[in-house]
Amino acid sequence: MDAHEHGSAPGGPVSPTPRAATAHRPLGKPGAELSGGLLRDWQARNRDVSLPLALRHLQTAGNLENLRLAASGDGGAYRGPAFMDSDLYKTLEAIGWELARGAPASLTDFAEEATSLLEKAQQPDGYLNSYIQVTGQQRYTRLAWSHELYCAGHLLQAAVAHARAGGLVRLLDVATRFADHLTSTFLGTREGLDGHPIIESALVELYRVTGAEQYLQLARQFVEERGHGLIGDSGFGSRYLQDSLPVRESRSEAGHAVRALYLESGVVDVAVESGDAALLAASVARWDDMVATKTSLTGGNGSRHSGEAFGDAYELPPDRAYNETCAAIASFQWSWRLLLATGDSKYADLMERVLYNGFGAAISADGTRFFYVNPLQRRDDHFEGDDPGRRREWFSCACCPPNIMRLLASLQHYLATTAGDVLYLHQLGRASVDTDLGEGAFGIEITGDYPWSGAVELRVRRAPEHGCGLAVRVPRWSGATSAAVNGEPLAARADEHGYLLVRRRWQPGDVLAVTFDIRPHLTYPSRRIDALRGTAAVERGPLVYCFEQADQPAGVSVEDLQLRPGGLSERSTTLPEVGRTIVIESDAVQLPPVVAGGPPAGGLPYSTRHGGDNGGRPGAAVAVPYFQWDNRDGRAMRVWMPLSRPTGPDTGSGREPGRAHAPTDND
Ligand SMILES: [Zn+2]
């Protein structure tokens, strides 16, 4: 099939059609490439360590064998949960994005073989699902649970990745045969709605690649049908499946977090391709509400283990936070779509928070182990049936690891966008960015040591003759920002969208230097978050910090430390098993150990006496970036630390995340 997208069409995830109602566009080819630094390291580790590990697990966990059984048609014993095919599809998507950089033969050979297997397993009418085919169940009769359209969605996403990266055309053929089957089966009926969204955004992306309108129509139908109780009984109720309120009416995220957030990507995709401002506004309203009331400091979402679900507003327990890795990925993908739709930097701000914290922590330093659940506190005696408390190589429900891999493989596409004759930089890692601004090619090199350093340099390699704009996101966590062009200082003020925009006749060799205030500071929770009252966290630039037992002085439990606002100092170092880092030391009070069953109140952990720091002695507490935790002894960790004295709105010396502030607030 001829691909619809061509020429300078973007080569990454989410590529709206020219007629889509978006404020920004993704970069056309060649686009961006990470050229060094932390994000480049993550991407290389993903290709060299994590993806090969996924290939092994797809073999041993039974994902490939399920498809072989489906292809043979002889029945047999299906292994694993109903959505095993999706693990393979996410891996194929990751390989697809890697192809643009020249993926190693081990990955491309795997993709070839897996595609051959999918061709064999696909039924004559285009249907493809190893769970249904091997177990012999009726198609589409248990959509609340069968994940048939969910798996189809991930197949479509994988095919889109290969189409955009110049990969396997055969995979796109498999996907379009299935998508054609879906449209002929469901378009215009009210009989199909999957319990787990993702088919919505996948169909829109396939529409963008192929130009086939019916895929967009079916996506719109699935989005509009949700919230009318059509899915059936999930066993968890309709909220769990986002089936209790239509997406045009709902103003708050509810139910299973990953499902809710995947659905949002579909909502925004349908809205921008249809020019449906009301549909977009509903999604924006939910994003605002989620960020204000249901998001952890790390950018994680989902306060409840039960149902892997969003909690009530301000229900944000650090120790019981679920914060599934897939929810972080889904949030990142949703925010990207809203960033394209609106051009507002608040979406890039959240993407950065998610990327460096809630998402970044899901992978071990060596790339071989992964978190499914991402709490902000872990005690030494941690036990939880659905959360081992330490990263694992793989899971019986393995949604997260290959999801991590497809995001890391495509990470460079999320760095920058264009709007008219302006190139917008949203993420500030080392990269090389090239795009056509209509008036001519614009190429820049981003250097610096972000996120460890707040100094970023943008060196122009080539520029349109008549000038153009270069815009850099000013993160909301940064205090006074300074900037200069070729050494000449300029007013470093963000515009109403949150960007420092410099418009001029750029010449090759011009340098825009921007320095963000990245000094560490304390962050205090909203008084509405009961679980965090009386605590503070340490942040430095985009990085949330945590206190691990391994870094505290000998004989001092991290649970007996209280922070004393005032002194924060930082030190660059390399820690064994962790790697390069910057540790932060805070003034603290070390309290005597609590003796279980001892004083003060006859054994109960309560007292008629207020206060807690009597008898403490001054000391220090040491923090490392949250994304680097659990690479050592796996002992206690906490992000939010009790303060050594009561604090309220008047006594806090720190900043609220997401608010502008004076740089002198630092100390
Ligand atoms: Zn997951």
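How many helices and how many strands does the secondary structure of this chain come to? Hi everyone, the answer is 14 helices and 21 strands. Before I go on, please keep in mind that this is a predicted model.

Let's begin with the overall build. The radius of gyration of the chain is 25 Å, close to the 26 Å that the globule rule gives for 667 residues, so the chain is as compact as a globular protein of that length. Its C-alpha trace spans about 75 × 70 × 45 Å along the principal axes. Of the 667 residues in the chain, 60% are buried.

Now to the zinc ion. Which residues are its protein donors? They are Glu324, through OE, and Cys326, Cys399 and Cys400, each through SG. These donors lie 2.1 to 2.3 Å from the zinc ion. The angles among the 4 donor atoms run from 95 to 115°, and the site is tetrahedral.

In sequence, the spacing of the donor residues reads E-x1-C-x72-C-C. Glu324 sits in the loop between helix H11 (277-293) and helix H12 (325-342), while Cys399 sits in the loop between strand E3 (377-378) and helix H14 (400-409), so this pair ties together parts that are 75 residues apart in sequence. Are these two residues buried or exposed? Glu324 has a relative accessibility of 4%, so it counts as buried. Cys399 is buried too, because its relative accessible area is 8%.

While we are on cysteines, let's talk about disulfides. A disulfide is a covalent bond between the sulfur atoms of two cysteines. How many does a search of the whole structure find? It finds 0 disulfides. Take Cys151: the closest cysteine sulfur, in Cys397, is 11 Å away, so that is too far for a bond. Cys151 is also buried, at 1% relative accessibility. What about Cys397 itself? The cut-off here is 2.5 Å between the sulfur atoms. At 24% relative accessibility, Cys397 counts as partly exposed.

On to the strands. Strands of a sheet pair through backbone hydrogen bonds, either parallel or antiparallel. Within it, strand E8 (residues 455-462) and strand E13 (residues 511-515) pair in the antiparallel sense over 5 bridges, and Leu458 has Leu512 in E13 as its bridge partner.

My last stop is strand E5 (residues 422-425). In a regular strand the side chains alternate between the two faces of the sheet. Here, Val422 and Tyr424 point one way, Leu423 and Leu425 point the other way, and all are buried.

Which partners does E5 have? Strand E4 (residues 416-419) pairs with E5 in the antiparallel sense over 4 bridges, and Thr418 has Leu423 in E5 as its bridge partner. The hairpin of E4 and E5 has 2 residues between the strands, and Gly420 takes a positive phi near 60° there. Strand E9 (residues 468-473) runs parallel to E5, joined by 4 bridges, with Val472 in E9 opposite Leu425.

Notes:
Residues numbered from 1 in each chain as written. Predicted model: local features only at pLDDT ≥ 70, side-chain atom pairs only at ≥ 80, totals over all residues. Heavy atoms only, no water. Donors = N, O, S within 2.8 Å, 3.2 Å for Na, K, Ca; no water. Tetrahedral: all angles 85-135°; square planar, octahedral: opposite > 155°, others 65-115°. Buried < 20%, exposed > 50% of the residue type's maximum accessible area, 1.4 Å probe, protein only. Pairing = 2+ DSSP bridges. Rg over C-alpha atoms; globule rule 2.2 N^0.38 Å.
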